[in-house]
Amino acid sequence: QVQLVESGGGLVQAGGSLRLSCVTSGNVFDIYAMAWYRQAPGKERELAARITSGGRTEYADAVKGRFTISRDNAKNTAYLQMNSLKPEDTAVYYCYGRPEGWGAPQVAYWGQGTQVTVSS
């Protein structure tokens, strides 16, 4: 089974920055679509950012202009650079991966989550 391991969460003051990393096991990371979801207490899990295997990116309106998702296929790693953080960004952030392509298996993988807390 493929494993996704997140790191980089922590406590930061409003206006600060953090970079999350998601390392994926296996040798087919280059065909994976990757995403970062987040979930605050009492709220539904929501998509923050995603990137296709071809490098196309999309962002939730709430984070657009402040967050950047990227990937390094040589390192089997996806990143989420978070700048100008706000208290409303406080959540557990989860990495998500899914292989793309017509012959790819119909599976998806989740990381364990990493806590991001932004103080005012």
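Begin at the largest pocket of this predicted model, which has a volume of about 180 Å³; a pocket here is an open set of points on a 1 Å grid over the protein atoms alone, where a 1.4 Å probe fits, with protein on both sides within 12 Å along at least five of seven lines, and lining residues have an atom within 4 Å of a point. Residues are numbered from 1 along each chain as its sequence is written, and side-chain values use heavy atoms, without hydrogens and water. Because the model is predicted, local features need pLDDT of at least 70 and side-chain atom pairs pLDDT 80 or more, while totals for chains, interfaces and linings use all residues.

Select next the lining, which includes Met34, Tyr37, Arg50 and Tyr96; its largest share, 4 residues, comes from E4, a strand (a DSSP run of E, at least two residues) that spans 32-39.

Now select Tyr37 and Tyr96, whose rings form an edge-to-face pair, 5.6 Å centre to centre with 65° between the planes (rings pair if their centres lie within 6.5 Å, and planes over 60 degrees apart count as edge-to-face). Tyr37 lies in strand E4 and Tyr96 in strand E9, so the pair ties together parts that are 59 residues apart in sequence.

Tyr96 is buried at 16% relative accessible area, whereas Trp110 is partly exposed at 39% (buried means under 20%, exposed over 50%, partly exposed in between, with a 1.4 Å probe and protein chains only). Ring pairs link Tyr37, Tyr96 and Trp110 into a cluster.

How values were computed. Grid points are joined across faces, edges and corners, and a volume is the space filled by probe spheres set on the points. Rings of Phe, Tyr and Trp (its six-membered ring) pair if their centres lie within 6.5 Å; planes under 30 degrees apart count as stacked, over 60 as edge-to-face and the rest as tilted.
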